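Please look over the structure below together with this briefing, which groups its remarks by topic.

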Amino acid sequence: MEAIQVIGAGLAGCEAAFQAAEAGVRVILREMRPQRRTPAHRTDSFGELVCSNSLKSEQLNSAPRLLKDEMRRLGSLLMRAAEAARVPGGHALTVDREVYSHQITEAIEAHPRIKVERGEVTEIPPSGVAIIATGPLTSEALAQDISRLTGSDRLYFYDSISPIVAADSIDMTVAFRASRYGKSLDGTDDYINCPFDKEQYYAFVDALLQAEFYEPHIPEDKTPYFEACLPVEEIARRGRETLRFGPMKAAGLDDPRTGRWPYAAVQLRQENQRADSYNLVGFQNHMKFGDQARVFRMIPGMEQAEFLRFGQMHRNTYINSPSLLSPALQLKSDPRIFFAGQISGVEGYAESIASGLIAGRNAAALLNDEELDVFPRATALGSLCHFITQADPEHFQPANITFDLLPALDEPTRHKLRHDKKARHAEVCRRAERAMTEFLDGRHSRVYCQVSR
């Protein structure tokens with residue numbers, strides 16, 4: 001039987017390879033590392049997380065939780081790996097990066113229908129079914145071939161990596177443990193919080209704005225930053241109070257020494273299962289490393305911080321998917337080619353995994369001459385695909401999953417629940433669950449009829 005080629009062993013590529021293999025087809029998973037490295041990756045393992053270690057909220061009746069629950073229901077490998085690699089993270093699904101990557105790599109390499117080939121791919125396979133899941137750091141040669149095939153210019157924005165510090169270098173006589181408003185999945189205080197008074201905050205902002213910065217990779221680009229991943233210095237330039245309403249927000253954090261919220265705060269999130277390292281939440285930046293050490297050691301409780309990794313911003317590459325892809329994530333001009341991951345126009349870890357799941361299932365269905373999955377619009381998976389394939393191509397920008405992407409409730413329900421946002425979100429999730437159940441039941445019925453015939 002012909003094999004599907006999956007290009008890229010990141011989150012989307014690994015999920016796509018696994019889903020296709022589980023559907024009974026052979027898969028060749030091709031990864032350029034270690035022959036060719038990227039500016040952000042540190043290892044040769046599969047599914048490496050290069051930015052945050054959080055797969056976002058696990059709160060019931062939230063859009064990120066809905067998306068992950070749908071993937072769990074469909075047998076996602078990467079959701080299963082996340083459970084095995086989980087570390088405390090308040091209401092978020094956070095993982096130990098090394099354990100997570102190990103779980104994924106081990107499962108992929110052990111799968112009898114997946115063959116791994118190392119080496120750079122410089123062009124889209126000229127024949128056969130293929131999934132392009134090369135991520136935001138697609139190599140220049142392959143990116144040029146993608147541009148040739150799609151007939152469009154590449155788009156780009158910057159993404160982020162926050163600094164990581166050693167846990168034992170944080171002064172816990174100053175910092176304190178708490179989850180915002182006491183919210184965590186198990187009732188524990190999962191975050192370390194560094195509190196600022198007013199004077200400390202303004203001194204920190206001044207130092208941040210006076211630091212030296214690396215020049216952007218693409219200086220001629222007029223809008224280089226993805227709005228959800230702004231560097232801290234860019235946020236500070238928008239006003240001296242802006243950080244207090246962004247990554248330095250202190251709302252819901254009761255300092256046990258005062259019983260009050262601090263003027264501002266920096267939150268640190270556990271990075272691994274050993275709990276020996278923490279990342280500065282939302283503190284991606286373009287500062288030179290020496291200035292990062294100097295400025296960030298002004299954070300109360302981090303005066304002696306040992307930096308295990310400094311923050312960075314790096315270039316992301318993605319296609320103009322609304323003009324190029326079908327709802328099944330096929331290239332309209334060449335349906336044997338699928339795109340998945342951030343290069344397809346989604347933003348975020350869970351969203352990348354979701355696109356890989358869809359592309360893998362559909363690539364296998366195409367090879368098996370079966371009906372491709374177009375998930376119902378009422379589901380998170382369906383709405384995510386709908387957005388990246390139906391948005392205005394003239395103003396397209398990658399998006400995370402939010403309730404705004406899902407269809408609005410009917411007017412009577414909206415009116416009934418107009419004063420209860422939580423109830424509206426719960427109803428959207430119930431509607432999504434019903435839609436997925438009906439879709440899967442219908443799909444199973446079609447398959448049964450085909451087999452019976």
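In this predicted model, 24 salt bridges are found in the structure.

**Salt bridge between R30 and E117**
- The side chains of R30 and E117 meet in a salt bridge, with 3.9 Å from N to O.
- This pair links distant parts of the chain, since R30 belongs to strand β2 (residues 26-31) and E117 to strand β6 (residues 114-118), and the two are 87 residues apart.
- R30 is partly exposed because its relative accessible area is 23%, and E117 also counts as partly exposed, at 28% relative accessibility.

**Salt bridge between R72 and E58**
- R72 forms a salt bridge with E58, and the closest N and O atoms of this pair are 2.8 Å apart.
- The pair links distant parts of the chain, with R72 in helix α2 (residues 63-73) and E58 in the loop between β3 and α2, 14 residues apart.
- R72 is partly exposed, with a relative accessible area of 27%, whereas E58 is buried, with a relative accessible area of 5%; buried here means under 20% relative accessible area.

- E271 and R97 form a salt bridge in which the closest N and O atoms are 1.7 Å apart.
- Because E271 lies in the loop between β12 and β13 while R97 lies in helix α4 (residues 97-110), the pair ties together parts that are 174 residues apart in sequence.
- Both E271 and R97 are buried.

**The six-stranded sheet**
- Six strands form an open sheet, in which the order is β10-β11-β12-β13-β9-β14 and the pairing is antiparallel.
- At the edges stand β10 (176-177) and β14 (307-309), and because each has a single partner strand, one side of each is left without a neighbour in the sheet.
- Within the sheet, strand β9 (residues 164-166) and strand β13 (residues 277-280) run antiparallel and are joined by three bridges.
- Which residue of β13 stands opposite I164? The residue is N279.
- Helix α6 (residues 198-210) lies across β11 (191-196) and β12 (264-270), and the helix runs at about 95° to β11.

- K56 has a phi near 75°, which is a positive value in a residue other than glycine, and K56 is found in strand β3 (residues 54-57).
- With a relative accessible area of 31%, K56 is partly exposed.
- D369 likewise has a positive phi, of about 60°, although D369 is not a glycine, and D369 lies in the loop between α10 (349-367) and α11 (380-390).
- Is D369 buried or exposed? D369 counts as exposed because its relative accessibility is 72%, and the cut-off for exposed is over 50%.

Technical notes. Residues numbered from 1 in each chain as written. Predicted model: local features only at pLDDT ≥ 70, side-chain atom pairs only at ≥ 80, totals over all residues. Heavy atoms only, no water. Pairing = 2+ DSSP bridges. Helix = DSSP H or I, 4+ residues; strand = E, 2+ residues; numbered from the N terminus. Contact = heavy atoms within 4.5 Å. Axes fitted to C-alpha atoms, helices over the stretch in contact; angles between N-to-C directions. Buried < 20%, exposed > 50% of the residue type's maximum accessible area, 1.4 Å probe, protein only. Salt bridge = Lys/Arg side-chain N within 4 Å of Asp/Glu carboxyl O.
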